[in-house]
Structures are given as C-alpha cells and as structure tokens.
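Hi everyone, thanks for having me. Let's get the structure up on the screen and then walk through a few spots together.

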There are 2 protein chains.
Amino acid sequence: MSTQTDTAFEAAVEAALGQEQAARGDTTQEHTGAPETGAEQLTPLGRSLRTALDGTFRDVRRDLRAMLTGGDFLRDPSLSVPEARAWTSNALQGIVDAGHGGAGFPTSVGGDGLVASSVVNFEMLALADLSLTVKVGVHFGLFGGAISNLGTEEQIQEFVPQVMSLHLPGCFAMTEVGHGSDVQALETTLTYDADTDEIVVHSPGPSATKTYIGNAAADGRMAAVFGQLEVAGTNHGIHVVLVPLRDDSGDSLPGVTIGDNGAKGGLDGVDNGTLSFDQIRVPRTMLLSRYGGVTDEGTYESPIDNPNRRFFTMLGTLVRGRICVGGAAAQAARKALSIATRYSLQRRQFEAPGREDEVLLLDYLAHQRKLLPAIATAYALSFAQNELVDTLQSVQSRPVGERDQKAQRELETRAAGLKAVSTRFANDTIQVCREACGGAGYMAENGLTELRRDADVFATFEGDNTVLLQLVAKGLLTNYKAMWGDLDMLGMVQAAARTFTGTVIERTAARPAIERIMATAQRKSDSETVLERSWHVTMFEEREQHVLDSLAQRLRTAGQDESRAFEAFNATQDHQLLAARTHMDRVVLEAFIAGIEACEDEATAAVLNKLCDLYVLENLAGDRGWFQEHGRMSTVRAKAIVPALNQLCQELRPLALPLVEGMGVPEQLLQSAMLED
Amino acid sequence: MSTQTDTAFEAAVEAALGQEQAARGDTTQEHTGAPETGAEQLTPLGRSLRTALDGTFRDVRRDLRAMLTGGDFLRDPSLSVPEARAWTSNALQGIVDAGHGGAGFPTSVGGDGLVASSVVNFEMLALADLSLTVKVGVHFGLFGGAISNLGTEEQIQEFVPQVMSLHLPGCFAMTEVGHGSDVQALETTLTYDADTDEIVVHSPGPSATKTYIGNAAADGRMAAVFGQLEVAGTNHGIHVVLVPLRDDSGDSLPGVTIGDNGAKGGLDGVDNGTLSFDQIRVPRTMLLSRYGGVTDEGTYESPIDNPNRRFFTMLGTLVRGRICVGGAAAQAARKALSIATRYSLQRRQFEAPGREDEVLLLDYLAHQRKLLPAIATAYALSFAQNELVDTLQSVQSRPVGERDQKAQRELETRAAGLKAVSTRFANDTIQVCREACGGAGYMAENGLTELRRDADVFATFEGDNTVLLQLVAKGLLTNYKAMWGDLDMLGMVQAAARTFTGTVIERTAARPAIERIMATAQRKSDSETVLERSWHVTMFEEREQHVLDSLAQRLRTAGQDESRAFEAFNATQDHQLLAARTHMDRVVLEAFIAGIEACEDEATAAVLNKLCDLYVLENLAGDRGWFQEHGRMSTVRAKAIVPALNQLCQELRPLALPLVEGMGVPEQLLQSAMLED
C-alpha cells in the first residue's frame, strides 16, 4: 500500500480505539437497561464498512434487517423437531405478512420483478434462522422459481399468486434415492396419455422415490416433480410437472406416498420428506411447458430442438438457488465470526507477567490467527457474492431468448464455484469459532452449535461441492461452451483433447482497477513485495493459468483414446478441483479489489485494503508449496508470508469490533447468551 | 519398500480381491436373512490388521467388543435430551452389570489394578455411544479416579467400592464459569474451620460457579470439588474435597445450588450442570489428602513441600483422562470412516464412458483422496495411542513416590499432544465423512451427524487443544523439566532464555527399527525417494529439530527483558504450536514404524507399510512449503509427492474393505441405516 493509505489506516485505527471504548460504554449501558428495540449502536467505521459490504442492494438489506430485528424470527434452539417445524411454518407466514412474499417474482403477478432481491432476501434471513431461510428457499425460490422460470405465462398467472400468498405451499421434487448429483439419470416417469390428455406421474421403483424434499413431510400441497417425459413412446428427457400432494385437510392424495426423513443433522424446522407416485394422473396443463410441452394435438413441441441444450437451459434458469445457498452459508459464517470475535473481546484467560488483568482472548496471537484471516475471507466473499448477484440481475433481466449465452454459462460456472467455496468456508469457520469459544461454544444457548448443524448440509444441497468444482473446471476448459449441471466426463476430456489451445484468463469487473495496479507496480525487494497488490494479482493469475494449462495438457495427452476417457478424467480429478479452486480464488480477489475501488471513504478503503492483504496472504500461505515448486515464489518471499500474516493480525486487532460490525450481523440477531454476561 | 515387501503387498491385494467378492456374497446373504447376533464376518486381512491395531490389550478389546455387540449400548439418535439422559444412566448400569465397573481401580478394593484397562474400556465404549462413554469417564474415570489417585487408603476403602458399584454417582467439579483452562486461578474456597474440624466449601461469586460438570444436572450424589485450600489463614493452593450434592430422594442438599446446562452441541445423554456452594460444611476427612491435608492437630501437612510441584503432581495423576479423550475421539473418527467407506463401496453415481454400471464412489480419485489418507492416519493414531497406553501402564504401575519423574512428564506431554492431534483429526475427519455421503450423510439415522455432534467437544474438554499444544512446546523446550497443566508464559520464555542450548530429539519405542532403517537406506533419485522410509524419518526429524531450535532461539533473543515476557511468548505462539505439532507427527510416525515392526504376518506388514507411506505423504504434502523454504526438500521431490499420493490411493483402493475392518469397528455398532439398504 502507498504511504497515503498507510496514513489513512493509522487514522482509522486511532479513531477505532476511541470508538471501542465508547462501544464498551454502550454495552454497560445496555446492562443497566437500554432500550431493546432501538437501532443498533455502530462505530462510524463499522457503519461505513457495512455500507461497503451491503453492495448494490443495500436498501433491500436494510429493510430486511429492520424486519428481522423487529419481529420474531429467532428460533429457540431447544425446540423439538415438531415444535421447530411448527415455529418455522409460522415464521414463514410472518415473512409474507411483512410483505416479502413477492421478492423475485414477475411484476405481471405483483412481484417486484427483481431476481436479485430474492437472493438478498435469502441471504439476510440467514442472519436470523437457517431453517426459516431454507423453508423460504424451498417454497418461494425452488417451487415458485420452477413455475415462474419453467412455466408458461398462463401457468405463472394461475399458480404464482398462490405461491406468493402462501396459499399453495410447495415442494421441489428433484432428488431421488438413487440419484442426487446426476439429474439426467432420474427415474421418475412423466408419461403423456393421449386418450385422457393427462400426464401420468410414476415412480418405477424404490430408487425413484424422491427424497430429502423440503416442505414434503408436513406442509406441501403441491410439488414440482422432475422426471423423464415420454410422449407417444419417445423420451424427451427431464421435464417438470406440478403434482398435487395433499387435500385441504392435509391428507395425502390417492397414489401419493409421503414419508418423513425424520431427524437430520440440523435444519430441524424444515420438514424434509420422501415422495413416491403410483400412476398419478394430472391434466396436461400441469406440465411446466415454457421449454417443452405437449400440444393440443398431443405431440411434443419445444422452442429448443437439441434435447441436451434444452435440459441445460431449463436447469440454467435455476442457477439462483446455488447463488442463494452460497450467500447464506457465508452469512452463517459471518454470524459465527461475530459471536466468537465479540466473545474474544470480553473473555479473559491466564495472567501474564506485567499485566494487571488476565489476557483477553483476542490478544493472543493464536486467537487472532484463528479469527482475523477468517474475517478477511468473509469480507472477500461478500464482495464476490455481491458481484455475482449483480451479474445474475443483469443477465436474467433480459428475456431468456435474448440472453448472452456465454454470460449465462459464465454466471452458472461462477455460481457453482462460489457456492462450493462459500459453503466450505462456512463449515470450516463455524467450527473454528465453536472451538475458539471453548466449553461455552458448545452450549446450544450460545448459538454456535446450532449454526454449525444447520449450515452443514449447504455443502451438499443445490449441488455437491466436489461435483460443482468439477463443473467449474469443465467451464474453464471449454471456455464456457459447456452446459450447466452435467459432469459429462467424456465431454470434458474430449473438449480438452480437441479444441483446447491455451487458456485465457479474463479479468472480471475489477479490470480497470487491476490494470492500474499492475501498471503502477514498483519493483521492491523480495520480502517487501508480499504486501504489494500487483504481486498478489500476479500470483493469483499465474497460479490459475498454470494449473489450467497443465490440466488441459494432461487431458489432451490422455484423451486420445476414447475408451480410456474415464481413466483420463479420473486421473486428473484432483487437478480439476485445484483448477476450479484457484480460479475462484482469483475471481474472489478481483471482486475484493473492485469492492475497495467502489469505496469512497478513504479510511474505510484503507482498512479494506489491509483486510485484502490478510485475505491474500492467508491464501498464499496455504499454497506456498505449490508456488515454490513451480518457480513462482522465491524462498525468501515464501518465508516472509507467515511473519507478514502475524503482523497484519496485530495491526487489525484494534479494529476487531468495527470489522465485526461491518460484516452486517445486527447484535439483536446473535442469539448468544454468553455475550449478554 | 523392498522388492520383497512389494511382492507381499501384491499378494495381499490379490487375496483381498477374492475376499471382497466373498464379502459381497455375505452381504447378499444377510439381506436374505442371516443371523443377527452372529460373530462378525471378517476377511483374513481385515482380521489380521485388527489384531495388529488391537495392541497389547487386545484381549480387553475383544471382551468389550463382545459386550457391546451383545448388549443394548446403541442409543437411538432421535431421543429427546431427557430420554437420552435416562437411556445413558441405564446403559451405565449395564456396564456395571456386565462386570466392567472395576476397570482401573486398585486390587485392594476389588478393581483390576490395571490403569490401562480403564483407558481401553473408554476407547471401546466410544465405538458404541459417546454419551455413555463420557458418562463412564466422568463417574469412574474422573470422580473415581480423583478418589483413587488423590485419596488416602482409608478414603479409597470407603468410597471407591461405592463408585465401582454405581451406588454413589459422582461428579468432577473442576471448571468454573470464570476459569476453564487456567486451573490454578479457580476461585472456589475450601477453608478449614478448626473449631468444628470441618472444611467450608464456598463459591465466592458467579464466576466461581462450577460449570459444564458432567453427571451434575440429574444424577450426581457427590462431587470431587476443586478449590483453594486455606488453613489458618494460609492458602495452600488447589486441593480437592468430596461434597455430597443430593439426598437419597435426589433433592439437592441445603447450600448446594444445582443448575442444568441444558441443550448442548451434542452428548445429549450427559447431564452437564452447574454447581455452586454456599458455605457448605463437610468433615475434614472428606478432603482428599494423599498429597496434602490437615492433621488431627489442625495444621496443613504435605509430602511435597513445593506448592507448585504438589499442584502438578496432583494434576499429573489425572493424565489418564486426556489419554482417554484422545483415544475415544480417534475411535469416533474410525467409526465415521467405516461408515463412509462402506457406503462408498455400495453407492454408485454417474455413468462413465465404457462402463456398464455407474461408477462406485470409491472409484473416484477425489473420493479416495478424502477417505484413504484419513484411514492411514487413523491407523497411525492407533499405534500412537497404544504406545501411550502402554507407557501409562508402565509409568503408573509403580507407586507415585518411585516413579521416574522425567518419564511421567514425558507421558503428560505426549498425552496432551496426542489428545490435541487426535481430537483435531476426529472433528475434521467426521465432517469429511459426512460430506462424502452427501444428503444421506446428513440424515441422523445414518450415524454421521450424531458422531460429529458428540465428538466436537473433545477438542475442548480435558484441555483446550491450543493450550495443550503449548504445553507440549513447553515440555520440549524444557526437556520435560516443566510441570503439567500450566501455561506459565514467563517460565517458558525464561527456560528457553536461560538454559536452552540445543534441542535433542530422542527417538521413541521404535528406536531399533528406525536405526536399522536409517542404516540400510540407499541413495536414490529425488523422485524415487518419496517412498523411502529413511527419507520420511529424516524429514520428520529435521522438521521437528529445526522448528524447535528456531523457536528456542527466538525466545532466547526476546526473553532477555522480563517485562516483555508476554510479548515474547505471544509473538512466537504460532511457532510453539508448530513445534508441538511437528513433534507429535514424529512421535506418531515412530509409533507406526514400531507397530509394523511388531506385526509378524508378512502380508499384513506389507499393507501397513503401504498405509504408512500414505500417512507420511499426506503429512508431507501439507508442509511442502515449509520444507522447500528451509532447504529440506528439492522442488523435484516436492512435486513428486501428490502424484505418489494418488498412486498410493489407487494401490490401496482394492483393500478398502479389509482396511476398514482392521480399524476394529464391528459392523453391528455402525448404526447407519443406509448401509443396510
């Protein structure tokens, strides 16, 4: 960083030191009976960091924060599973009552028409309760989203208003017992019966049973069911049909068998269940037909001729779900970091020579290293998520037919990648936070164990993380010509073998800022360089480029023999995952740089710059081996990284409170009894 | 490995391939109605690996396996907290009824006199249910152990039989709200009242409340209470007194306030609670007085003059608890690995070009990399744990006064280190297993989420892992002159500053085997060397030595100024943790080598050798950066590690089932519905 930003950072630290004392005063005040419902007391730096992280849709975020802190959206972790389910259904109604049922739906039916707002809604709910968040996601996002994305205008007019008002609680019945990740292999059949003009929905065997279906075990009245559409003896691939599940009294309809998945590792408030269908008949008009349906004459018709392209177009419209899940997982991590960091600012342990009080947990270097780099990463993921949501809004605000196909594929690839990265980060970080709070961290009333349980499955649903990272690798290898959702081993190998002639790294939204950074870079000594942003960018770019190039080369060499395609694919699987990860690292870094660039307050930008240093060095520290092996980092630089990490932690330590505030989790939502001691 | 062992390994693989088919046959048979209670069907290799891992106390392990598979020791994960507590209390009685209440207690009161058997008991129970395991540990190990280790012979005669028979359910009341890790700072007071010849037990304020105390919320009738002993106005430091908690009808006694910690992140069957004391009076004879008590004349007397040494001697007798916790955590990881690996051998996903069936999960390289190196580490930790238990038995079989002090300190250091390493491994590995099983892994009935919840706190209780690793570093820096349980920052810095003149790495039990390995080592090319055991040993030794030397040097330089001792300590905290970790890595590797050496079957030894390679390379892969920075590993060798890892995974893949069997978790205890499909 330049001397100018150094000075701005020092000023921010000095100001924050005063603020922290003031904030402690506030805390004391609260103990003596401050108002419960009052607005949050934030330090100026905390407020300004929060503004930066709230991004384009900061007004939506503020509205949601107000709704959540003013209402009853925090679940008592000691509720039993049936109680938690009842609470969640009730809270879901509360969201509709607060006027948030229309987020993301078309204006033609009274929605706000902003796909982004539904994502931001989902992210913000995650600050309160993840069961409620997932229930919202299942009903509005997946069920409602299937209708509004895959249905015809008539179907939208008929069903979406009932979704928005919660009069028609719905399920998204994709996953089957036999197939989760591999959607194209689903076994449920949707057979058109010309005689009665109906679709016959059938589960041919136990492995075709739909499972883990949210909203199915208790509340769902209708399901969007994925299955193989057959018309006049011809299979037209995966389509979706709406199937009523229960009558008005809640009993399952004839031919529908509903099971309960029972106790899970978390998300106690979500009624996941199983569904199977025994020759259920629904009118032809229940087939969601925007991308393919049966005409009045009983023949199959689709605006997309290529069945593969049709499948991926249909699934592509559902990309929002992955963006939601990644965003919510990162929020859960921010909530955990807020709890653990605030605790570390009040909890003392062990006397130290020459100190009057016992030492605050956050004054220990090891504790700083547990929490502060994770906070830096949480900031990085915020900027990356905001950029992704903006892209989603921009790509999907056009009618499907007019969308930029490459931009759509790139969006799908980034959504898959950021979901995998964010959910991995969440699971790891919440656990670190739990352990950093010792025995107190293990008590349910302190909030961390429940967060951990609920966020866990985010690594699995809306796409297993390992599969998603392979999709990213495939997208990179094929320059986004490949389609969404398909592992397609042979395709990946062949694409690399036939068409790949060298990878191109395209810089993202931060391009102008990065080009300026690179242009003004100065040569410095090896050990100084570790704090130079241009060096950071170079390292991230070179790593991605090299990993991708060498992956392509290995696949080209191995892929000549088609009968060995699986072996070629499989032998490079770890390499594919590395390519995806290093790509996402670069995308996230660029989003961080763009976020700093967009920040107008100098002191705030200086703090963000320091956090960005920390994010980068934490990342590089983990890959020091790779960089040295590939001649990209000298021994001297590699050795300088950990000391620089420690130094950055020490510099950012005085800003811990504003950094936490900046992450945007209102104190009223922390649900951690130990913070009130 | 030599050509001879290569051939033995190949033979093992060939035999295993036949066995796996046979085992599949068995599975089919089970589906058609095989006997429920029959002995486990093991492959010959699985049986022989299990024998190697069962170690010195294999007969005790076999007995426990028979008890657990024959009885009712598996808890239904859907039980509510009150139901789970009731179940656990009942199962505890089942252990006494099965004749296992005397494990580890002195023969003078009818125990088996084998400290090791109590640890092995604890480890084996962990294969069934961790709440039950912890309840056993609290009552027999901590409460009973406090009496038998810290009590006089009369006290042992009076109380231990009631502990063994479960007539006197007990608590171990050490941790307070204000102090967990820092035992010397406990606030509870134990004041001798000469007028009445009583000890007055008192909690001076809210931070003195005992908390997280197992067995306190519901069942405990008596507690071993830690507090500051004051006699005639002089503080004699931490001592332990027995305090009755409840009357025969279960109501708390006057002056005792009992609270319930309520819902936790797991261990639902353990009734953790809070205890506080309002001037409770107990007879002087309730003070556990082996290492310090009050005479008939009302004066304090102790066989150990130095108060610090007394404290650490007292705590040192409790080292068994840490050994138990580390061992049980590793067992939980083995159970999770058994579930996930068996699932990966039956679950298929995605078609592959040229393959008839969809691909088995474990045939994917990425899946192998998730599970197989973890299995190798689980084996490594088995051998290390067995060695530690043997050492415990050998050190503690002598009367306290005659024990080798250095051996006792070294035992305490290793116990602290292995507890930290094993619990870290458990938390990480169970999560990997959960995710590797996808949505099914998240269903409670499949066993992984409950394991994860229960094992979580093992990273915290019996010593926070970060604090424990610092104790290891201190032990190494002071060559085991330092005492147990004390972070003592100033002491650590001063010891390094004053007396440290170079570290000495002493090889452990495996010394002869290692010296032979080193003597017969042959020079090979860089890329071949990665599979050479002598190179492995060199890498682990040099890493430990260098990290420790450089830590000592940094502390020497910084420690000259006593007033800056905290800063010197704190600036090197991450370095201390690294020193501890690399030390433990070397100890674990040596235990693995000794375990192979002790294995008499050539084919089994060859498989263990291959697993040891995998353990080592997984470890070195994570530290490639360090090794290159410090000139200990060439770029060529560093680059050869990951390909060698992949190759090892592929070679071990056909042995997956016997490897799982070898980990010693009976199929009847897996509690995973998905494996029965």
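So, which residues does Ala332(A) touch, not counting residues up to four places away in sequence? They are Ala126(A), Leu130(A), Ala426(A), Ile430(A), Leu451(A) and Ala455(A). By "touch" I mean contact: two C-beta atoms, placed from the backbone, within 7 Å.

Quick housekeeping. This is a predicted model, where local features need pLDDT of at least 70, side-chain atom pairs count only at pLDDT 80 or more, and totals for chains, interfaces and linings use all residues. Residues are numbered from 1 along each chain as its sequence is written, and chains are lettered from A and ligands numbered from 1 in the order in which they are written.

Back to Ala332(A): along with Val241(A), Val241(B) and Ala332(B), it has the most contacts inside the largest nonpolar core, which has 446 residues. A nonpolar core here is a set of buried Ala, Val, Leu, Ile, Met, Phe, Trp, Tyr and Cys residues joined through C-beta atoms within 7 Å. Buried is 20 or more other C-beta atoms within 10 Å of a residue's own, exposed is 12 or fewer, and partly exposed is in between.

Now, where the chains meet: chain A puts in 61 residues, and chain B puts in 61 residues. On the chain B side, 23 are nonpolar, 24 polar and 14 charged.

Next, a pair of helices in chain B. The axes of H5 (residues 115-125) and H9 (residues 319-344) come within 8 Å and cross at roughly 30 degrees. Axes are lines fitted to C-alpha atoms, for helices over the stretch in contact, with angles from 0 to 180 degrees between N-to-C directions. Helices (H or I, at least four residues) and strands (E, at least two) are DSSP runs, numbered from the N terminus. So H5(B) is roughly parallel to H9(B), given that this label covers angles under 35 degrees.

Last stop, two loops in chain A. Leu267(A) sits between strands E7 (256-260) and E8 (273-277), with a phi near 50 degrees, a positive value in a residue other than glycine. Leu267(A) counts as buried because it has 27 C-beta neighbours inside 10 Å. Asp197(A), between strands E2 (189-193) and E3 (198-202), has a positive phi too, near 60 degrees. With 13 other C-beta atoms within 10 Å, though, Asp197(A) is partly exposed.

How values were computed
Nonpolar A, V, L, I, M, F, W, Y, C, P; charged D, E, K, R; others polar. Parallel < 35°, antiparallel > 145°, perpendicular 65-115°, else oblique.
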